[in-house]
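Then follow the rings and charges around them.

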Amino acid sequence: MSTNGRRLTPAGRRARERAVRRAEVLETTRSLFARKGYQRTTMVAVAAASEIALGTLYQVFPSKEAMLCSLLEDYIDRLIERGRQAAAGGGGAREQLVRVVRSQLDFSLQNADVLRFYLSGWTGYEFAVRQRFGERIDDKYEEYLRLLESLFRRGVRDGDFVAGPPRRLAVTLAGMIHALVRRWLRERRLDLLAEGDALVELLLHGVVSEARR
């Protein structure tokens, strides 16, 4: 076998095989978590559904927690990349901000299963799992906040937005999006993208009339 015309070394082939197996196991785990929930999914069930030996599964992932963290870290990585692509599309800070929010909500529509077993079941996970998971994704979440923060900073600099602390605005918007997604998971008839557009407009314009400012 070769990649880009170059023959893979035995070590390279093994690494690629491990990556493929890991991706296949994660896809199976995602399906089981979505259908049965985190608590009721066992390593034995994952191995059986993946059609591999239990010992082989433990070589790929040492625990169910590791699979959960990998799934959610992958979700956040792809979400951030979507946001970066949306922000790079040109236009002013306002247009970029709208695109970033819509890209996140569109991504949520495509990955409702991951969001559901994360948001609805997180309070049931063991404290140690939550603690270790939180420590591992803090940096990834910070990347997302920095992306939003950079858009608010640019908007203030260019005069598109009123002067305000970009970091605080980024945290506020992220929290509003999180709350909206949770609501959408409960009310699936909700037009998530339309609600997201309204949310951004509300944040940018505020709720106080011009006459009262």
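In this predicted model, the axes of α5 and helix α9 (residues 192-205) come within 9 Å. They cross at roughly 145 degrees. Why quote both numbers? Two packed helices are described by the angle between their axes and the distance between the axes. The crossing of α5 and α9 is right-handed. Which residues make the contact? From α5 come Arg 94, Leu 97, Val 98, Val 101, Arg 102, Leu 105, Asp 106, Ser 108 and Leu 109. From α9 come Leu 192, Leu 193, Gly 196, Asp 197, Val 200, Glu 201, Leu 204 and His 205.

Now step back to the whole protein. Its secondary structure comes to 9 helices and 2 strands. Read from the N terminus, the order is β-β-α-α-α-α-α-α-α-α-α. The protein has 213 residues, and 38% of them count as buried. The accessible surface comes to about 12400 Å². Of that surface, 52% belongs to carbon and sulfur atoms. Next, take the contacts between residues at least 6 apart in sequence. Among these, 65% join residues at least 24 apart.

Next come the aromatic rings. The count is 4 aromatic pairs. One of them is formed by Tyr 75 and Phe 107. Their ring centres are 5.0 Å apart, with 35 degrees between the planes. That pair is tilted. Where do the two residues sit? Tyr 75 lies in helix α4 (residues 64-87), and Phe 107 lies in helix α5 (residues 93-110). The pair therefore ties together parts that are 32 residues apart in sequence. Both Tyr 75 and Phe 107 are buried.

Tyr 141 and Tyr 144 form another pair. Their ring centres are 6.4 Å apart and their planes stand at 40 degrees, so this pair is tilted. Here both residues lie in helix α7 (residues 127-157). They are 3 residues apart, about one turn of the helix. Are Tyr 141 and Tyr 144 buried or partly exposed? Tyr 141 has a relative accessible area of 40%, so Tyr 141 is partly exposed. Tyr 144 has 7% relative accessibility, which is under the 20% limit, so Tyr 144 counts as buried.

Finally, look for charges over rings. The charged end of Lys 64 sits over the ring of Tyr 38, 4.4 Å from the ring's centre. Arg 188 has its charged end over the ring of Trp 184. There, the distance to the ring's centre is 4.3 Å.

Terms used: Residues numbered from 1 in each chain as written. Predicted model: local features only at pLDDT ≥ 70, side-chain atom pairs only at ≥ 80, totals over all residues. Heavy atoms only, no water. Phe/Tyr/Trp six-rings, centres within 6.5 Å; stacked < 30°, edge-to-face > 60°. Helix = DSSP H or I, 4+ residues; strand = E, 2+ residues; numbered from the N terminus. Buried < 20%, exposed > 50% of the residue type's maximum accessible area, 1.4 Å probe, protein only. Lys NZ or Arg CZ within 6 Å of the ring centre and 35° of its normal. Contact = heavy atoms within 4.5 Å. Areas by Shrake-Rupley, 256 points an atom, 1.4 Å probe, with all protein chains shown as cover. Axes fitted to C-alpha atoms, helices over the stretch in contact; angles between N-to-C directions. Left-handed = near helix turned anticlockwise from the far one by under 90°.
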